[in-house]
Amino acid sequence: MEKPCFIMLALINLLTLSFAACGTKPHVPTQAEIAADRQLLQELQQVLDCIDEIMQPTDEELLVDATGQLMEALYCADIATATRFATDTALGLLLYVDEPEINHFKIKRTDVFTNRGVAEVTINHHATLKLIFSRNSARNEWRLTAVN
Amino acid sequence: MFGRAAFLILLCCSCLKLNSNEQLWYARVADARDAKDALLRSLFQKKGLTYPPQRLYLRVFKSENVLEVWASDNNMQPFTMVKSYPVCAMSGQLGPKRKEGDEQVPEGFYHISSLNPFSAYHLSMQVSYPNASDRQLTTHSRPGGNIYIHGNCKSIGCIAITDTYIEEVYWLVAQARANGQANIPVHLFPARMSELKYNILLHLYRDKPTLLKFWSSLKQGYDYFQYHHRVPSVGIDQNGYYFLQ
């Protein structure tokens, strides 16, 4: 194509686009544009899913959370709250642990199985307890059921 | 004649004075002294306490299976913890002894009433159960008795702390008695009655108000000692519950 013709064609195209932009005629997306949009949406959804996955706590995080809240409740002698995270039997077992007060606690490690979790906790830099948690299903909260 | 008799009497008295701890006449006690005296002396020295002990205080926590020995050099000084002994065996459940044969270990404020160097469980120290509170709160005409802290590891209402540990505690108690402490207090608690444990007890035994009322009266004595490290002076009200005097 000759150079002047190319320039003319470019000017005509520009003119056409200018009219379209004025809204005289709605733009009908091309198949390529539709495909590109779909691709973009898919990618966005994948990013959202990824963020969602990051935001959802893992079982281990849930167990650490339950252990922490239980220990905090015991630290404050708040038995009403502690009963949310511990059965009466487990609370009774805590009587046998020779720690009159809880002045400090540290969760050393956690092991999570399907509906059973073990949190190893050190109390007052002294006694190490294995707190055994259970739950009926993955949707239920962990509850302390035994102390070793 | 009279002079000779007087001399003999004086000689006997001085011998008695030398052996003021009459418990040493018994072979098991002498053996306990030989085995444990150096250890206990060093323990007291480390704690800055006079040895032989002047004043002792014992307390037992049933849940935790612990017997604590505290000592003080005189009436003015607060007590210092000397040693905590693990209890090897203790029958029954939490809650006081209320009748003969219930195999319960009592709960309350007692003292060591006698020492038995011929015990079937090596050495034993009798706890002054039943006291006035127990006699009032008993659910039976016979509240029982013969509650001991002893050796071995068997218990029917008693507190067994093994032969090696009873030798230590017994020898300390024998010396404190020889030094003039007639009543060595021994306080028996269901558990350490801290806020946490007391609240757990309140929760677990919420359907037993009588028991909780009794424990609440015990807690006053626990709290007093915990705060002051001095033995509380405890009275017993008309219903048999303890109160601080």
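This is a predicted model: local features need pLDDT of at least 70, side-chain atom pairs count only at pLDDT 80 or more; totals for chains, interfaces and linings use all residues.

Colleague: OK, and what does the charged end of K219(B) sit over?

Modeller: The ring of Y198(B), with 5.3 Å to the ring centre.

Colleague: Now ring on ring. How many aromatic pairs are there over all chains?

Modeller: The count comes to 15, taking ring centres within 6.5 Å as a pair. One of them is F61(B) with F189(B): the centres are 5.7 Å apart and the planes at 20°, so this pair is stacked, since the limit for that is under 30 degrees.

Colleague: Where do F61(B) and F189(B) lie?

Modeller: F61(B) is in strand β1 (residues 55–61) of chain B and F189(B) is in strand β9 (residues 184–189) of chain B, so the pair ties together parts 128 residues apart in sequence.

Colleague: Is F61(B) buried or exposed? And F189(B)?

Modeller: F61(B) is buried, at 0% relative accessible area. F189(B) is buried as well, with a value of 0%.

Colleague: What about Y85(B) and Y165(B), how are their planes set?

Modeller: At 65°, with the ring centres 5.2 Å apart, so that pair is edge-to-face. It also links distant parts of the chain: Y85(B) is in strand β3 (residues 80–86) of chain B and Y165(B) is in helix α4 (residues 163–178) of chain B, 80 residues apart. Y85(B) is buried at 1% relative accessible area, whereas Y165(B) is partly exposed at 25%.

Colleague: Which residues do ring pairs link into a cluster?

Modeller: F61(B), F109(B), F189(B), F214(B), Y222(B) and Y242(B).

Colleague: In which sense do β5 and β6 pair?

Modeller: Antiparallel, over four bridges, between β5 (residues 108–116) and β6 (residues 124–127) of chain B. N116(B) stands opposite S124(B) in β6(B).

Colleague: I spotted H187(B). Which strand is it in, and what does it touch?

Modeller: H187(B) lies in strand β9 of chain B. Leaving out residues up to four places away in sequence, the residues H187(B) touches include Y57(B), R59(B), F109(B), Y110(B) and P232(B). At 3% relative accessibility, H187(B) counts as buried, because the limit is under 20%.

Colleague: What covers the buried residues of α5(B)?

Modeller: The cover includes α3 (59–75), α4 (79–85) and α5 (88–94) of chain A together with α6 of chain B. Among the buried residues of helix α5 (residues 195–204) of chain B are L196(B), Y198(B) and H203(B).

Colleague: Last topic, salt bridges. How many over all chains?

Modeller: The structure holds 20. One of them joins E107(B) and K62(B), at 2.8 Å from N to O. E107(B) is in the loop between β4 and β5 of chain B and K62(B) is in the loop between β1 and β2 of chain B, so the pair ties together parts 45 residues apart in sequence.

Colleague: Are E107(B) and K62(B) buried or exposed?

Modeller: Both are buried. In chain A, D111(A) forms a salt bridge with R109(A), with 2.8 Å between the closest N and O atoms. There D111(A) is partly exposed at 29% relative accessibility, and R109(A) is partly exposed at 42%.

Colleague: Which residues are linked in a network of salt bridges?

Modeller: D98(A), R59(B), E68(B) and R192(B). R59(B) is also one of the residues that H187(B) touches.

Methods. Residues are numbered from 1 along each chain as its sequence is written. Chains are lettered from A and ligands numbered from 1 in the order in which they are written. Side-chain values use heavy atoms; hydrogens and water are left out. Rings of Phe, Tyr and Trp (its six-membered ring) pair if their centres lie within 6.5 Å; planes under 30 degrees apart count as stacked, over 60 as edge-to-face and the rest as tilted. Helices (H or I, at least four residues) and strands (E, at least two) are DSSP runs, numbered from the N terminus. Buried means under 20% relative accessible area, exposed over 50%, partly exposed in between (1.4 Å probe, protein chains only). A charge sits over a ring if NZ of Lys or CZ of Arg is within 6 Å of the ring centre and within 35 degrees of the ring normal. Two strands pair if DSSP finds at least two bridges between them. Contact means heavy atoms within 4.5 Å. A salt bridge is a side-chain nitrogen of Lys or Arg within 4 Å of a carboxyl oxygen of Asp or Glu.
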